[in-house]
Amino acid sequence: MSETITKDGQEFEVVWKKPNLQKKDMHYCPGCAHGTLEKLIQEVIDEKGIQDRVIGVAPVGCAVFAYDYINCDMQEAAHGRACALATGIARVLPDKAVFTIQGDGDLASIGLAETLHACNRGENIAIFFYNNAIYGMTGGQMAPTTLPGQVTASSPDGRDCKLSGMPLKVADIVKEFDGTCYVTRQAANNAVNVRKLKKAIEKAIDNSLNKRGTSFVELVGNCPSGWKMTPVDSYKWWEENMLKFYPLGDLKTEGGIK
Amino acid sequence: MAEKYLMKGNEALAEAAIRAGIDGYFGYPITPQSEVLEYFSKWLPRKGIAYVQAESEVSAINMVYGAGACGKRIMTTTSSPGFSLMQEGVSYIACAQIPCVLVNVQRGGPGLGTIQPSQGDYFQATKGGGHGDYRLIVLTPNSVQEQADMVYKAFDLSEKYLNPVLILSDGALGQMMETVEFRDDYKKPAFDATWASNGGVAKRGKPVQITSLFIEPERMEAKNNELQAKYKLIEENEVDYELYHMEDAELGFIAYGLSSRIAKKAVDLAREQGLKIGLIRPKTVWPFPAKIIKEYSKKVKAYMSIEMSVGQMIEDVKLAVECKIPVEHYGKTGGIVLSTDEIIAKAKKMIGK
C-alpha cells in the first residue's frame with residue numbers, strides 16, 4: 001500500500017509525509033515536548049485514516065490550544081474536567097475514539113477526581129498525560145508531581161515533602177483499577193523514546209476505538225520555561241531527575257472491565 | 001393527551017425527558033432531587049440511552065458539556081448546593097452555546113441549609129450563578145403536570161437558541177404526587193447540529209472547535225456581543241406568564257412556582273371577602289415578564305412579590321415598575337409553607353382595608 005509521487009518524470013515512494021496538523025504556528029516554548037505529543041497524535045490519526053472517528057478534549061494548561069493544531073473535532077474543557085467531558089462524549093458517541101490531553105496540574109491536582117473515576121469506570125477513552133512536574137502555563141508553580149526538593153515559583157526553597165506530600169504517581173494509582181486496559185509511562189527526550197511514545201499513542205487510540213477500556217499514557221516531559229532552564233539544560237535535568245523518579249515502561253498492557 | 005398517571009414531580013420530569021427523546025443523563029444524588037436520577041437509572045440503560053451517576057455535580061455538568069457539545073439531547077438535575085457546584089460548568093456551557101437542560105429542585109439555603117422546599121436560588125438562576133455575562137432561560141413550573149410539560153419546552157428552547165435552559169423547581173414540586181398526562185403529539189423540531197463536535201471533519205471540510213476561550217480582547221467582545229444579541233431575541237420572544245383575575249385588580253400578587261399556587265388560593269379567598277386582588281405568575285423568570293408587570297402597574301395600586309425567600313424576585317418587580325407604585329415582599333424561608341391568612345392580612349394593609 002505504498003504511496004508514490006512523480007517528480008521530474010521519475011516515480012518516488014513516499015516514505016514520510018508531514019502530518020496533517022492545522023496550519024497554525026504552535027505556541028509552545030523552545031525545547032518543550034508538548035508539540036511532539038500533538039504531532040504524534042496527528043500522525044496516528046492520519047495513518048489510521050480516522051479523522052472523522054476521533055474527538056479530542058483540550059485541557060486548561062499549556063495544551064489549551066491543542067484544538068488549534070490537531071485536525072479533528074475537539075472540545076476545550078474547564079480546568080481539570082477533561083475526563084468528564086470525554087466521558088460525556090464517549091457515552092453518546094460510542095463508535096468514536098475519544099482522547100484527552102492534560103498536564104499535571106489539570107489531571108493530577110484539580111482534576112484528580114474526574115481522572116480516577118473515569119479510569120475506574122473504564123471509560124473507552126485515551127488519556128494523554130503530559131507530566132512535567134510543574135505548572136507551566138501559570139509561570140512554574142509547584143504541582144502535585146513536582147519532585148522532592150525541586151525549586152519552583154511556589155516552592156522557592158525546594159519542595160518540602162513534609163509540607164506538601166510526596167509527588168503523586170498517578171500512573172501507579174490508575175494501573176490498579178480494573179477499568180484501565182493500558183497504562184504506560186513514556187518520554188520524548190530522544191528519537192528512540194519518541195518512536196515508543198508514538199506506539200503507545202497508537203495502542204491507546206486503538207483501545208478507545210475498540211472499547212477496551214481506559215488507556216493512560218503518561219508522557220514524562222520537560223518544561224524549559226517553568227524550570228527556568230535552557231532547552232539543552234532542561235533535557236539534562238529531564239533525563240537525570242524526571243526519568244529517575246518516573247521510570248519509563250508499560251505498567252499494564254491488559255485489562256478493562258469484562 | 002393520553003392516560004393519566006399519578007406521579008411524583010421528580011418522576012414526571014424524568015418520564016417527560018424520556019418521551020422528549022433524551023440522549024443522555026448525567027447526575028449526582030441529592031435530596032430532594034434523587035428520584036429523577038433513580039428513575040433514569042432504571043429506564044435509560046434499559047433503553048440503551050447514556051446514563052452516568054457521576055462522582056460529583058462538578059463532573060456531572062462537565063459530562064453534560066461534553067455530550068451536549070456532540071449535538072445530543074442532554075440533561076442533568078440537582079438541588080441547590082449541587083447547582084452551586086455546577087456553576088463553573090454552566091458558565092462554560094453558556095459561552096460555548098451548548099444546548100442542554102438543567103434542573104434545580106430547590107431546597108433551603110444558604111449553606112447545607114435544609115432539604116425543605118425553597119425559592120432561594122432565584123438570583124443564582126436569573127442573574128448568572130457563574131462568572132461572566134451570560135443568561136439561562138429559566139422556566140418555572142408550578143405543578144407536576146408542568147414539571148412534565150416544561151421538559152419538552154426546555155429541550156426545544158435549548159436547541160432553538162443553543163443555550164442552556166434551567167427548570168427552576170423546588171422540593172415540594174419534586175416530591176408531591178399529582179395526576180399527570182404526557183402529551184402524545186410531541187414531535188422533536190428539526191435541529192441543525194453541524195456546529196457540533198461529532199466527527200465529520202471530511203463532510204464539513206474543517207474540524208469543529210467547541211470552546212469558551214477567546215484570548216484576544218476583540219474576539220471575546222465579539223462573542224459577548226453575539227451572546228447579548230441572542231439574549232435580546234430571547235427576551236423579545238420567549239417571555240411566558242399567566243394572568244389570574246388581573247382585569248379589575250387593585251393589588252397584584254406576583255409569584256412563580258409553588259408560591260404561585262398559594263398566591264392563587266389567596267386571590268380566591270380574598271375575592272370571597274370582596275378584595276380585588278389578582279395574580280401575575282411568571283412561567284419564565286428569565287426572560288422576566290417585566291412588560292406586563294409594568295403595564296398593570298398603571299392599574300393596580302401596589303404589587304406584592306410572594307416568594308419562598310427573603311425577597312429576590314422583588315428586585316425585578318421593582319425594576320419593572322420603575323418605582324411608580326409600592327412593591328412589598330411576603331415570604332418565608334426554611335421550608336415553612338406560605339400562609340394564605342398572612343398574605344391576605346398583608347394585602348388588606350397594603351390597600352388600606
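This is a predicted model: local features need pLDDT of at least 70, side-chain atom pairs count only at pLDDT 80 or more; totals for chains, interfaces and linings use all residues.
Trainee: May we turn to the sheets? In what order do the seven strands of the open sheet in chain B stand?

Mentor: The general idea comes first. Strands of a sheet pair through backbone hydrogen bonds, either parallel or antiparallel. In chain B, the seven strands of the open sheet follow the order β3-β2-β4-β5-β7-β6-β13, and the pairing is mixed. At the edges stand β3 (50-53) and β13 (284-286) of chain B; each has a single partner strand, so one side of each is left without a neighbour in the sheet. From one strand to the next, the twist averages 20°.

Trainee: How many bridges join β5 of chain B to β7(B), and do these strands run parallel or antiparallel?

Mentor: Strand β5 (residues 100-106) of chain B is joined to β7(B) by seven bridges, and the two run parallel. To follow the pairing on the structure, one may look at B:V101, which stands opposite B:V165 in β7(B).

Trainee: Which strands does helix α4 of chain B lie across, and which does helix α6 of chain B lie across?

Mentor: Helix α4 (residues 80-96) of chain B lies across β4 (74-78), β5 and β7 of chain B, and runs at about 155° to β5(B). Helix α6 (residues 144-161) of chain B lies across β5, β6 and β7 of chain B, at about 160° to β7(B).

Trainee: How should I read the packing of helix α1 of chain B and helix α2 of chain B?

Mentor: One reads the distance of the axes, then the angle, then the residues that meet. The axes of helix α1 (residues 9-19) of chain B and helix α2 (residues 34-46) of chain B come within 8 Å and cross at roughly 40°. That angle makes α1(B) oblique to α2(B). The crossing of α1(B) past α2(B) is right-handed. Among the residues that meet are B:L13 and B:I18 in α1(B) and B:F40 and B:W43 in α2(B). The contact of α1(B) with α2(B) divides into seven nonpolar, one polar and three charged residues.

Trainee: How do I read the place where the chains meet, and how many residues does each chain give to the contact?

Mentor: The size of an interface is often given as the accessible area lost when the parts come together. Here one may count residues instead: the contact takes 28 residues from chain A and 33 residues from chain B. On the side of chain A that touches chain B, β4 (73-76), α3 (82-92) and α5 (112-121) of chain A give two or more residues. The largest share of that side, eight residues, comes from α3(A). The side of chain A that touches chain B has 14 nonpolar, six polar and eight charged residues.

Trainee: Which strand of chain B is joined to β4(A)?

Mentor: Two bridges join β4(A) to strand β9 (residues 209-210) of chain B, and these strands run parallel. The bridge partner of A:M74 in β9(B) is B:Q209.

Trainee: How are β6 of chain A and β8 of chain A joined?

Mentor: Strand β6 (residues 125-131) of chain A and strand β8 (residues 214-220) of chain A run parallel and are joined by six bridges. A:N131 has A:V220 as its bridge partner in β8(A).

Key:
Residues are numbered from 1 along each chain as its sequence is written. Chains are lettered from A and ligands numbered from 1 in the order in which they are written. Axes are lines fitted to C-alpha atoms, for helices over the stretch in contact, and angles run from 0 to 180 degrees between N-to-C directions. Helices (H or I, at least four residues) and strands (E, at least two) are DSSP runs, numbered from the N terminus. Angles under 35 degrees count as roughly parallel, over 145 as roughly antiparallel, 65 to 115 as roughly perpendicular and the rest as oblique. A crossing is left-handed if the near helix is turned anticlockwise from the far one by less than a right angle, and right-handed if clockwise. Two residues are in contact if their C-beta atoms, placed from the backbone, lie within 7 Å. Ala, Val, Leu, Ile, Met, Phe, Trp, Tyr, Cys and Pro count as nonpolar, Asp, Glu, Lys and Arg as charged, and the others, Gly among them, as polar. Two strands pair if DSSP finds at least two bridges between them.
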